[in-house]
Every structure is written in C-alpha cells, then in structure tokens.
Amino acid sequence: MILIVDDKPENIYSLKRLLESKKFEVDSALSGEEALKKVLKNNYALIILDVQMPDMDGFEVAETLAGFSKSKDIPIIFLSAVNTDKKFITQGYASGAIDYITKPVDPDILMLKVKTFYRLYEQTNALNEIQTALRAEIEIRKKVQAELKERVEQLYSTLESLPQVAFTSDPSGNIEFVNKQWFRYSVSTKTFPVTHPEDKNIDEEWTICMLTENPLELEVRLKELDSDVYHFHLLRIIPIKEKDKIVKWVGTFTDIEDQKQIEKKKDEFLSIASHELKTPLTSIKAYIQLLERSLKNNPNETANTYLDRAQLQLSKLNNLIADLLDISKIESGKLKLNKRPFHVENLISSVIDIIHHTHEHVDIVRKGEAVNLHICADEVRIEQVLINYLTNALKYSPENKQVIIETEINENQLKLTVTDFGIGIPSEKQKNIFDKFFRVEESSLRFQGLGIGLYICSEIIRQHQGSFGVISKPGEGSSFYFTIPI
Ligand code: ADP
C-alpha cells in the first residue's frame with residue numbers, strides 16, 4: 001500500500017486517483033503526525049511525502065521514520081513545489097528520501113518512479129523474509145547439533161561403561177570412538193584388533209554389510225596384547241539410522257569363550273554317548289530278530305504283540321541315536337554327501353509309502369505335476385529331510401491329519417513344500433525354527449522331541465546348495481519347504 005502525506009486534500013485527491021487508476025492501493029494522511037501514527041500501525045511499500053506542511057514538515061517526518069526499525073526501509077519520494085533549489089533537494093536525500101520530485105508532477109515520470117520503488121520495496125521485503133527464514137533455520141540447526149552432540153556423548157559414556165569392547169564409526173566405517181576395553185586388544189584406534197589368521201576378515205565382512213546396510217554378526221578369535229591365547233568373541237556391528245539414512249555404526253566384541261567351551265563339551269558328550277549307545281542297540285536289534293525267528297516256529301499272539309511294540313520303540317531309539325550321530329558329524333564337518341542321480345517322483349512315492357506304514361490313517365495329498373526327472377543329490381539324505389518334514393507335519397497336527405506335498409520347478413531348482421493344518425508356529429519363533437535344539441516352548445510340553453530334526457535337515461539342504469524355510473500361522477498350519485538345484 002502507498003501512503004500519500006499532504007496537508008492539502010485536493011493534492012491527495014488527484015494523486016490518489018492517478019495511483020488507483022494504475023491499481024495501487026492508496027492511503028493518505030493530512031499531517032506529519034498522522035502519517036507517523038499510520039506508519040506505526042500499517043505496512044506501506046512507499047510514502048509520497050509533501051515537503052511543505054505546517055507543524056511537522058516533510059524532512060522532519062522522513063528523519064523520524066528513519067529512526068523506527070519498522071519504517072526505516074520504506075522508500076520515500078518527496079514532492080515539493082517550493083524547495084526546488086539544490087540545498088533543499090540535498091536535505092531531502094539526507095533525511096532518508098530515495099527520490100525527489102518537484103511540482104508540477106509529470107504523471108508518467110511519477111508512475112515510473114512509483115513502480116520502480118514499489119518493486120524495490122517488494123524485493124527488499126522478500127530478501128528480508130529469506131534472511132529471517134535463514135536465521136531461523138540456522139537456529140534450528142544449531143539446536144539440533146547441540147542435541148546430537150549431547151546424544152553422542154551419552155552414547156559414548158554408555159559404551160564406556162560396558163564390560164565389552166565397544167566402538168562407533170562414521171557411515172563409511174571410519175572408527176570415531178573406542179572405549180577403554182579396546183586398548184586391551186589393539187594399540188591403534190583406527191584398526192581392528194588382530195584376529196586369528198583362520199578367521200574371516202572383519203573389514204571384508206563389514207564392507208559387504210555396509211553395501212546392503214545390514215547389521216554384521218561374526219564370530220572371531222581375539223587375543224589380548226600381552227597374551228598368546230585367542231578367545232572367541234562375538235562381533236556385532238549395527239547401523240544407526242536417521243530418516244532412513246545411516247549416520248553411524250555401533251559395534252561390540254563380546255567374549256563368548258566360556259559358551260564355546262561348554263558347547264564343545266556338550267558336542268563331545270553327544271558324540272561319545274551316541275556312539276556308545278549304538279553298539280548295545282545293534283545287539284538288541286539282532287536279539288529281537290532272533291526272537292522273531294524263533295516265534296515263527298512257536299507262534300504266540302501275546303509274545304508277537306510285545307515283539308511288535310518292542311520293535312516300534314527300537315526304531316524310535318534308532319532314529320534318535322541316528323540324529324544324535326548326525327549332529328556330531330555336522331559339528332565335526334564329517335556329514336558327507338553321497339550324490340548320485342535318482343528319480344524324484346519315485347523317492348516321493350516311496351516316502352509316502354513309508355509314512356503310511358507307520359501312520360495308517362493319514363491323508364497325504366500329492367499336489368503339482370509329477371517330477372519325472374533325475375537329480376543328482378544324496379537320495380538317502382533328501383529322503384531323510386522329506387520324512388522329517390512329514391513326520392513333523394503329522395506330529396504337530398493333532399486334530400487334522402491331512403498333509404500336502406507340493407512340488408514346483410523354477411529356474412533349475414526343485415522346490416518341495418510340505419503343508420499341514422496343525423498348530424502352526426508363532427511368527428517371532430519362525431526365524432529360529434531350524435536352529436540346533438530349538439523347540440517352540442508353547443508346544444514343547446505337549447509333543448516329545450529334541451529339537452534337532454530341522455537343524456539336521458537345514459544342514460543337509462545347505463550342503464546341497466539349496467535353501468529352506470517355513471511359512472506358518474498359529475492355529476492354521478505350517479508350510480515347510482526346501483529347494484535344491486536340479
Ligand atoms: P522336534 O520335533 O524333535 O522338537 P524339530 O527340529 O523337528 O524337533 O522341530 C523343532 C521345533 O519346530 C519343534 O519342537 C516344534 O516346536 C516346531 N515344529 C517343527 N515342525 C512343525 C510343524 N509342522 N508345525 C508346528 N511346529 C513345528
């Protein structure tokens with residue numbers, strides 16, 4: 001809006017009409033005092049100020065306006081009929097005017113000037129707004145930085161209080177902070193502690209994780225600077241993200257040597273126990289066979305029933321010991337595969353027969369096209385996986401004894417899925433289901449087992465360069481699958 005200040009209403013009237021005809025908004029004041037009041041109350045883009053006014057003249061008004069922060073940047077055009085000589089013009093400029101026009105006013109010139117100053121004022125205003133916004137932004141950033149610094153310091157003091165070796169790095173993996181435990185293993189804050197020569201390289205493994213933005217979990221052996229003995233440590237490095245962008249990595253090395261030793265002892269015990277159990281079991285099997293033969297000559301119904309039961313229990317014991325032996329073979333890397341070509345559909349049919357033999361009233365549905373092809377794999381081990389999936393499917397479906405075997409062939413891979421409609425597995429437990437000795441607590445009391453069947457299956461499939469997994473919904477059922485390359 002433009003403010004016209006003149007003590008003569010007729011001057012205001014003609015100027016107002018001129019400006020309004022060019023679509024400017026116009027306000028007016030009949031004295032310097034009124035002008036000052038209006039300027040403090042409203043926002044003007046330009047003031048056209050008459051020099052000759054009673055009480056407060058134009059120069060005084062301009063000087064006063066220059067003193068207010070609100071009005072100091074408003075451009076002023078002086079209008080004067082009288083003070084045309086140089087001295088007055090100079091005074092006009094000195095008191096804050098941007099231009100000086102003498103009467104009679106040439107409307108075209110006045111309009112040109114008004115337009116120019118108006119634009120100038122708008123641009124100054126816009127610049128001021130940008131400046132204010134920038135200042136606010138700087139303030140916000142300063143505050144955020146201070147908060148961030150505080151948070152980082154809190155993180156560092158937490159890491160310092162840990163009994164583990166702990167460190168942080170920038171997003172590209174340059175170490176920024178290490179706690180005091182670090183110096184038991186390394187002299188430099190820039191490089192990782194030395195690991196056992198046979199262990200995986202930390203930098204290489206971490207680089208892979210950085211590319212995929214995934215946490216790293218790695219077992220490595222470290223030795224303290226003044227020792228020659230290596231201890232197993234679990235290295236965990238997790239990314240810290242802000243707005244989906246990694247801002248930091250936080251890592252710890254936890255000493256897991258005791259755990260490892262206990263695990264080793266347990267594996268040794270399992271290995272010895274299962275080997276020792278196998279010998280008497282073989283003898284019992286032989287005696288039972290002898291007993292069976294002798295009963296054929298002297299039939300006795302009761303004795304035959306007991307013999308059948310004994311054989312059933314014996315085969316359960318046999319499976320258990322076989323599983324335990326498999327575990328110790330896996331642990332010592334001795335689970336060897338005997339790969340030969342075999343016919344897939346024949347294997348599936350034979351497994352279905354075996355299951356029907358032990359589980360008479362089950363409904364095994366074969367879905368998908370018959371796989372009439374030979375694959376090169378360890379037939380006995382693949383059969384073991386399929387039997388395991390199927391017996392689990394039946395075991396964990398007390399109400400519904402229907403099971404589906406489905407096959408698919410995709411990109412040189414055979415996928416076999418066993419689906420049941422049983423108790424299902426809670427989603428948070430599914431990721432651990434193939435771990436050694438893992439059993440779902442909720443069902444472990446109702447169903448007997450050791451939690452090693454799926455672990456053995458996973459190792460067998462892994463050795464065939466295949467994949468495995470489960471899709472399940474509690475109360476609805478589970479689909480266990482594995483794939484192997486054709
Ligand atoms: P086990 O059956 O001897 O406990 P497994 O390794 O075969 O051992 O299975 C591990 C666990 O996975 C089981 O204890 C059970 O909790 C769960 N599980 C396996 N198969 C199924 C299934 N088909 N439905 C529901 N839970 C299952």
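Contact here means heavy atoms within 4.5 Å. Keep that in mind for threonine 483. And remember that this is a predicted model.

Start with threonine 483, in strand S17, residues 477-485. Leaving out residues up to four places away in sequence, threonine 483 touches Gln413, Leu414, Lys415, Ile461, Gly466 and Ser467. Is threonine 483 buried or exposed? Buried, because its relative accessibility is 6% and the cut-off for buried is under 20%. Its side chain also has a polar contact of 2.7 Å with the side chain of serine 467.

Now the overall layout. The chain is divided into four parts: domain 1 (2-128), domain 2 (162-255), domain 3 (260-332) and domain 4 (340-485). The centres of domain 1 and domain 2, taken over C-alpha atoms, are 71 Å apart.

Next, helix H5, residues 107-161. Isoleucine 130 sits there. Isoleucine 130 is partly exposed, at 48%. With Leu127 and Leu134, Ile130 forms a nonpolar surface patch of about 310 Å² accessible area together.

On to salt bridges. How many does the structure hold? It holds 22. In helix H5, glutamate 139 and lysine 142 are 3 residues apart, so about one helical turn separates them. Their side chains form a salt bridge at 3.8 Å, N to O.

Lysine 38 and glutamate 34 pair up too, at 3.9 Å between the closest N and O atoms.

Last one: glutamate 213 and lysine 241, at 3.4 Å, N to O. Glutamate 213 lies in the loop between helix H6 and strand S8, and lysine 241 in strand S9, so this pair ties together parts 28 residues apart in sequence.

Conventions: Residues numbered from 1 in each chain as written. Predicted model: local features only at pLDDT ≥ 70, side-chain atom pairs only at ≥ 80, totals over all residues. Heavy atoms only, no water. Patch = residues over 30% accessible without salt bridge, like charges linked within 9 Å, V, L, I, M, F, W, Y side chains within 5 Å. Areas by Shrake-Rupley, 256 points an atom, 1.4 Å probe, with all protein chains shown as cover. Salt bridge = Lys/Arg side-chain N within 4 Å of Asp/Glu carboxyl O. Helix = DSSP H or I, 4+ residues; strand = E, 2+ residues; numbered from the N terminus. Buried < 20%, exposed > 50% of the residue type's maximum accessible area, 1.4 Å probe, protein only. Domains from an automatic or database assignment. Polar contact = N/O pair within 3.5 Å; in protein donor to acceptor, adjacent residues only side chain to side chain.
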